[in-house]
Amino acid sequence: MSILNANKAYQNNSVQTASPGELTLMLYNGCLKFIGLARTGIELKNTEQKNTNLLKAQKIIQELMVTLNMDLEVSQSLMQMYDYIHRRLIEANIHSDAAILDEVEDYVLDFRNTWKEVIQINRRMQHGETGRV
């Protein structure tokens, strides 16, 4: 098995065995990756690279939107933010605007970092750790 095939198998296994929370974290990380690649495309004036990666980032945001549990109050706010991010990604693509990507990246980073913290807190709680001194 080649290294490339082994890496692909590892990635597939990681996704298939991930908890819903870990999958959401993967989506945020993927979105950040594609925003970065799109920014590079803008800098290099590579329209195909910019477009391809912004479409991938948009698809991730759409996935986050459709998986929200709209019975929860917080989901209403998240839906508004995801919708805003999605529209801004479209604008960044149309106008090749890296400044918009900076703005959107900050929001996605905040979501990712908060989500990562929630996962860590849940793990500690599952293991009986309270975090109290």
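1. Helices α2 (residues 20-43) and α3 (residues 47-66) pack with their axes 8 Å apart, at an angle of about 160°. Axes here are lines fitted to C-alpha atoms, for helices over the stretch in contact, with angles from 0 to 180 degrees between N-to-C directions. The pair is therefore roughly antiparallel (angles over 145 degrees), and the crossing is left-handed (the near helix is turned anticlockwise from the far one by less than a right angle). Helices are DSSP runs of H or I, at least four residues, numbered from the N terminus.

2. A word on the source: this is a predicted model, where local features need pLDDT of at least 70, side-chain atom pairs count only at pLDDT 80 or more, and totals for chains, interfaces and linings use all residues. Residues are numbered from 1 along each chain as its sequence is written, and side-chain values use heavy atoms, without hydrogens and water.

3. Back to the first pair: the contact (heavy atoms within 4.5 Å) includes Leu27, Phe34 and Ile35 of α2 and Leu54, Ala57 and Ile61 of α3. Its residues divide into 13 nonpolar, 6 polar and 3 charged. Ala, Val, Leu, Ile, Met, Phe, Trp, Tyr, Cys and Pro count as nonpolar, Asp, Glu, Lys and Arg as charged, and the others, Gly among them, as polar.

4. Helix α2 also meets α5: their axes come within 9 Å and cross at roughly 160°. These two helices are therefore roughly antiparallel as well, and their crossing is left-handed. The residues of this contact divide into 15 nonpolar, 3 polar and 7 charged.

Note on methods. Angles under 35 degrees count as roughly parallel, over 145 as roughly antiparallel, 65 to 115 as roughly perpendicular and the rest as oblique.
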